[in-house]
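Good morning. Today I will go through the charged side chains of one structure.

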Amino acid sequence: MEPIIQDLGFIIGTTLMYSTPLIFTSLGGVITERSGVINIGLEGMMYFGAFAGAAVAYFSQDPWLGLLCAALGGAFWGLIHAIACVSFSAEQIVSGIAINFLGAGSALFISRLLFDGATQTLTVARKIPQPLDFLFGEGKMFASSGFTDLVFNRFATVYLAFFLVFVVWFVLYKTQLGMRVRAVGENPEAANTLGINVTRIRYGAVIMSGFFAGLGGAAMSIAVVSRFSNTLISGHGFIALAAMIFGKWKPQGALVACLLFGAAKGLEIFLGSKGVPVAGDILAMLPYVLTIIILIGFVGKTTAPAAIGKIFDKGDH
Amino acid sequence: MTGTKLKELFLKGPFGLTLISILLGFLVGAIVLLIAGFNPAEAYWAILRGIFAKPKYVSYVIIYSTPLIITGLSVAFALRTGLFNIGAEGQFIVGAMAAAIAGYFIQLPMLLHVPLCLFLAMSAGAVWGGLAGHIKARFGVHEVISTIMLNWIALYLSNWSLTLQSFGKQGTGKSHMIQETARIDLFGQWKITEAGIEFIRSHKVLGDILKSPVNLGIIFALLFAFLMWYILNKTTLGYELRAVGFNPDAAEYGGINVKKSIITSMSIAGSLAGAAGALQVMGVGHKIAKLAIMEGYGFDGIAVALIGNNTGPGSVFAGFLFGGLKYGGAKIQDAVGAPTEVINIVVGTIILFVAMPKLIQMLLKFRKG
Amino acid sequence: MTAIDFSHRAVEMSGITKKFGDFVANENINLTVHRGEVHALLGENGAGKTTLMNILYGLLKPSSGNIKINGKTLTISDPNIAIRNGIGMVHQHFMLVEPFSVTENIILGNESTRGFGILDAGKGEKEVKRISEQYGLTVDPKALIQDLSVGSQQRVEILKTLYRGAQILILDEPTAVLTPQEIKELVAIITNLTEAGKSIIIITHKLNEIKQMADFCTIIRRGRHIDTVDVSEVTEEDLAAKMVGREVSFRVAKEKRNPGEKILDIKELCVEDSRGIMVVNGLNLQLRKGEILGIAGIDGNGQTQLIETLTGLRKAKSGRIEVLGKDITNLPPGKIINNHKVGHIPEDRQKRGLVFEFNIAENLILETYFKPAFSEGFSLLHKNIYKNADTLIEKFDIRPRDATLQAKSLSGGNQQKMIIAREVSNEPELLIAAQPTRGLDVGAIEYVHQALVAQRNEGKGVLLVSFELDEIMNVSDRIAVIFEGKIVGILDADDADEKKIGLLMAGGTAKE
């Protein structure tokens with residue numbers, strides 16, 4: 001096999017792997033912001049999810065249970081954010097900042113209790129599996145370490161992320177629920193007069209955003225690597241947030257943006273492994289520079305949901 | 001008369017809400033500790049001892065608090081103009097980098113070298129913050145997003161600077177130490193002379209304090225806090241910036257240049273965070289090192305600003321609170337075995353309650369029946 | 001208007017009281033509406049009409065009182081219950097989701113699905129089409145709301161209620177934003193609806209429309225039920241007297257005008273709105289010293305953008321604006337205010353006019369804080385700032401008399417006094433007043449009008465823009481009518497009458 005094809009396979013493979021946690025979290029961002037609630041606490045929810053996923057997977061030896069608990073852990077912080085923002089009219093960015101402190105703080109607090117004072121978990125026995133692994137290897141359909149292996153033989157979370165992009169898109173644009181979520185994010189007063197329960201929709205959306213961020217965290221801790229540590233999630237939630245805006249608040253747009261950030265990481269790792277004398281730091285910087293340039297290039301910034309960040313007060317009730 | 005006014009301020013004003021939030025934060029922290037099987041009283045006592053038991057501790061708390069106060073001022077200043085400066089982190093990094101470069105390469109007498117380093121660092125921070133302001137004013141890109149991006153760009157830029165042959169100490173991931181003339185340590189040289197060592201050994205209180213990296217940073221922090229208060233409340237610039245923060249449409253109507261105000265405010269905020277980075281290099285680290293992740297000075301600054309109600313004096317108070325908790329909180333691990341991170345939970349809870357004045361007012365009403 | 005079925009009481013509200021804290025918005029109000037009846041609810045701004053209807057629609061809970069719908073007593077605790085009982089409401093500010101299509105807006109909350117919550121777009125569209133044809137409400141089901149005219153948006157709102165099977169429609173100030181042509185269409189639609197047995201409640205403070213549309217009229221003043229009358233038996237003057245509680249004095253007393261040199265000269269001005277539509281389109285206008293020029297017109301004909309351009313808040317596409325012979329086109333607001341002496345009472349005092357969190361003293365120097373009187377170098381001179389505030393508070397009777405109070409704690413009338421004090425004390429040569437009495441009570445309105453006349457008498461030029469034709473006619477020396485971004489006619493106030501102006505406002509010509 002041409003080494004260049006194999007290199008390409010390696011880059012695409014790592015891109016997919018590193019994009020996946022961002023995709024989950026970014027989808028969470030799409031859901032909450034579409035309902036009109038800013039969630040800058042995605043970072044903290046992801047952080048907590050990464051820990052919860054690794055801890056549960058370590059103790060139960062079941063990565064799937066880990067993934068589920070990560071999502072539920074994220075959803076718990078989503079609930080807190082929803083209580084603050086929806087029920088008590090909190091300043092949404094401030095509440096999000098609080099969630100970042102709380103998510104990370106509580107993850108490390110529990111980690112120290114469970115893992116003998118350490119701010120990292122032990123290595124999990126079983127990571128999220130690679131469901132197509134049986135197709136690759138000696139005497140199988142595809143050779144191992146070939147292009148196809150590198151690109152398509154990925155963790156289940158990768159496929160799940162892509163599937164969820166479709167699901168979120170479908171729900172937002174093709175279902176009753178999605179239409180209501182978007183309406184609440186654009187004009188909650190109008191939705192309210194039509195008997196739509198703005199509070200319930202927003203609670204649901206914010207909790208779901210935590211659920212997705214939790215999945216994103218676990219996609220990092222029990223798929224990309226095999227344990228949680230205190231530096232595992234550092235800014236990924238913020239990047240996912242930027243990707244969501246970059247993607248114009250659309251699931252498919254967020255996907256593309258996350259792949260871009262993932263590709264930069266993939267390229268950085270590839271060049272690092274080859275010892276190419278290109279400044280890796282400059283390369284790593286590129287997607288951020290690019291994001292700013294693209295944001296500047298947006299014409300007509302009306303893509304954000306109109307009611308975003310605004311407090312909805314039904315007044316009397 | 002003044003008694004009732006004071007009471008009013010405490011119960012209904014922002015000051016009272018903040019104090020109640022702080023109490024609730026510690027209450028939640030205590031509950032978490034209880035559930036985890038620790039005695040909260042013991043844990044909090046350990047924190048208090050960790051802050052006040054030795055002169056050295058107090059000195060360390062001040063040193064810990066200094067950058068937090070200044071990044072807090074940075075965030076607070078921008079917030080008063082209605083801007084959320086998530087970018088204090090990146091501005092801190094470029095400030096530290098600028099100070100480290102200027103401190104290493106330039107040869108000057110101390111009286112010029114220190115101000116020059118600080119000036120260059122503040123300029124670098126101002127550029128970093130002003131850039132976000134400019135992008136917002138000119139293109140309408142929300143500053144939260146642009147500053148998140150700029151934080152990462154700053155981090156990689158700083159790491160890249162360490163790969164340069166002349167600046168980075170190859171293979172260590174650290175820069176060369178800055179010149180003595182660029183340092184703001186108190187008695188830094190003298191401490192390692194024989195006389196200094198002897199002094200530290202023989203003087204109980206002063207000697208103990210000198211065991212910590214005592215430096216002039218806190219003086220600058222207090223000066224900045226005063227300057228911020230003065231600019232915002234006593235100058236025409238402050239009037240403009242506050243008008244823009246409260247109501248940009250009315251400010252524009254009144255003839256204030258809103259776009260210019262946004263850039264000015266973010267530049268000033270950036271220069272403050274840059275100063276924080278510089279003072280950390282000049283007073284404590286004397287070098288910069290490769291950053292695997294964000295150190296969090298800027299993010300902690302957000303907490304400080306929010307707890308300090310976005311004022312100069314408030315940020316000083318909140319900076320000391322947060323610095324004390326960070327330094328003292330690290331000791332509860334050894335003292336009672338409880339995780340240090342209960343501090344983050346306390347701080348997070350305080351911010352959460354600060355974000356919900358409505359809830360606290362409801363609680364107060366409920367209490368009154 | 002003969003469709004009324006007096007044997008069927010569609011709505012019966014009795015003894016409705018609503019309190020917000022100490023403030024009584026509705027006090028013991030009764031309202032009965034029959035099937036097929038158009039019932040007007042008349043009252044001044046803030047009289048409590050909308051509050052009463054929000055109670056009927058379940059948006060507010062009454063403090064006490066009883067509601068019967070079709071003879072059945074109901075507790076309407078949220079809009080869902082109202083909708084289920086055949087009540088629909090069209091709010092004054094349309095409740096539409098801008099980026100959604102007409103169909104999506106109409107079916108929202110009541111969507112037809114193919115099961116599993118999956119939307120059935122085609123079915124909704126068909127249903128919308130059917131209803132719109134049935135009542136003569138033409139609108140394209142696939143169009144996006146953001147592309148529709150105001151009149152069409154209103155039709156969407158009415159369709160929304162009909163789609164939900166509304167038998168009782170509440171229309172809140174339905175004509176406020178319509179052109180006369182659109183008003184005519186609305187009247188036809190209302191006739192269609194009553195003939196189909198629907199009952200309609202119209203909230204309004206426009207007397208001629210009550211005569212035009214309604215069968216009965218209930219008058220509310222300061223939250224109290226004043227009277228319910230058969231519209232065919234009363235005159236407009238009767239209604240006006242009941243509404244304000246005294247004989248309405250029309251003209252504002254002022255001596256004969258004495259116009260001087262030209263102060264404002266607008267030549268072929270073109271301005272786009274935020275959507276890029278040319279809303280001021282080749283506008284020409286001159287104003288002299290010592291006169292009040294009123295600009296009459298229906299909301300949305302470019303008035304807002306015209307004023308924003310005159311004051312530097314919006315850029316002109318082309319054309320020229322001169323003040324006292326000097327070009328001020330596209331100068332920044334600060335220059336226009338201070339170098340060219342233009343004062344501006346803005347349309348929206350909450351959005352533009354005041355910094356709510358600033359105190360009175362700080363608000364009074366919004367345009368002058370940097371002047372030597374209030375600053376020295378970088379520093380503000382607080383002593384002078386508060387002395388200035390105390391003087392103006394006294395002179396303009398701003399209450400309460402405390403310069404340290406935040407602007408948001410003052411009443412609407414006193415907020416407006418604060419703005420007038422600021423603008424007038426800056427000694428402008430030209431004063432632009434946009435909707436200066438909106439939302440104010442009668443006393444405050446008189447105050448504002450007198451302040452404008454006083455400026456005129458001092459030889460200043462005053463440009464008044466208002467959607468209230470009465471106000472324009474009472475205060476102005478000359479009246480210019482704006483239609484689709486152009487001045488379509490200028491009349492002397494003495495020989496202007498409502499008919500002539502109304503025709504011009506609707507795009508007709510004054511020449512007969």
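Which side chain meets B:Lys136 in a salt bridge? The partner is B:Glu143, with N to O at 2.7 Å. Keep in mind that this is a predicted model. B:Lys136 is partly exposed, at a relative accessible area of 23%. B:Glu143 has 2% relative accessibility and counts as buried, because buried means under 20%. Over all chains, the structure holds 35 salt bridges. As a general point, side chains of opposite charge can pair when their charged atoms come close.

Now to chain C. C:Arg456 forms a salt bridge with C:Asp477, and their closest N and O atoms are 2.8 Å apart. This pair links distant parts of the chain, 21 residues apart: C:Arg456 sits in helix α15 of chain C, and C:Asp477 in the loop between α16 and β21 of chain C. C:Arg456 is buried, with a relative accessible area of 3%. C:Asp477 counts as buried at 6%.

Next, C:Arg401. Its side chain meets that of C:Asp397 in a salt bridge of 2.5 Å, N to O. C:Arg401 is partly exposed, with a relative accessible area of 44%. Both residues belong to a network of salt bridges that also links C:Glu394, C:Arg399 and C:Lys417.

Last, the surface. A negative patch there includes C:Glu236, C:Glu237, C:Asp238 and C:Glu468. Which helix gives the most to this patch? Helix α8 of chain C does, with three residues. C:Glu237 is in helix α8 of chain C, and C:Glu237 is exposed, with a relative accessible area of 56%.

Methods
Residues are numbered from 1 along each chain as its sequence is written. Chains are lettered from A and ligands numbered from 1 in the order in which they are written. This is a predicted model: local features need pLDDT of at least 70, side-chain atom pairs count only at pLDDT 80 or more; totals for chains, interfaces and linings use all residues. Side-chain values use heavy atoms; hydrogens and water are left out. Patches are made of residues with over 30% relative accessible area and no salt bridge: like charges are joined within 9 Å, nonpolar side chains (Val, Leu, Ile, Met, Phe, Trp, Tyr) within 5 Å. Accessible areas come from the Shrake-Rupley method with a 1.4 Å probe; for residues, only the protein chains shown count as cover. A salt bridge is a side-chain nitrogen of Lys or Arg within 4 Å of a carboxyl oxygen of Asp or Glu. Lys and Arg count as positive and Asp and Glu as negative; His and the chain ends are not counted. The place of a charge is taken as NZ of Lys, CZ of Arg, CG of Asp or CD of Glu. Helices (H or I, at least four residues) and strands (E, at least two) are DSSP runs, numbered from the N terminus. Buried means under 20% relative accessible area, exposed over 50%, partly exposed in between (1.4 Å probe, protein chains only).
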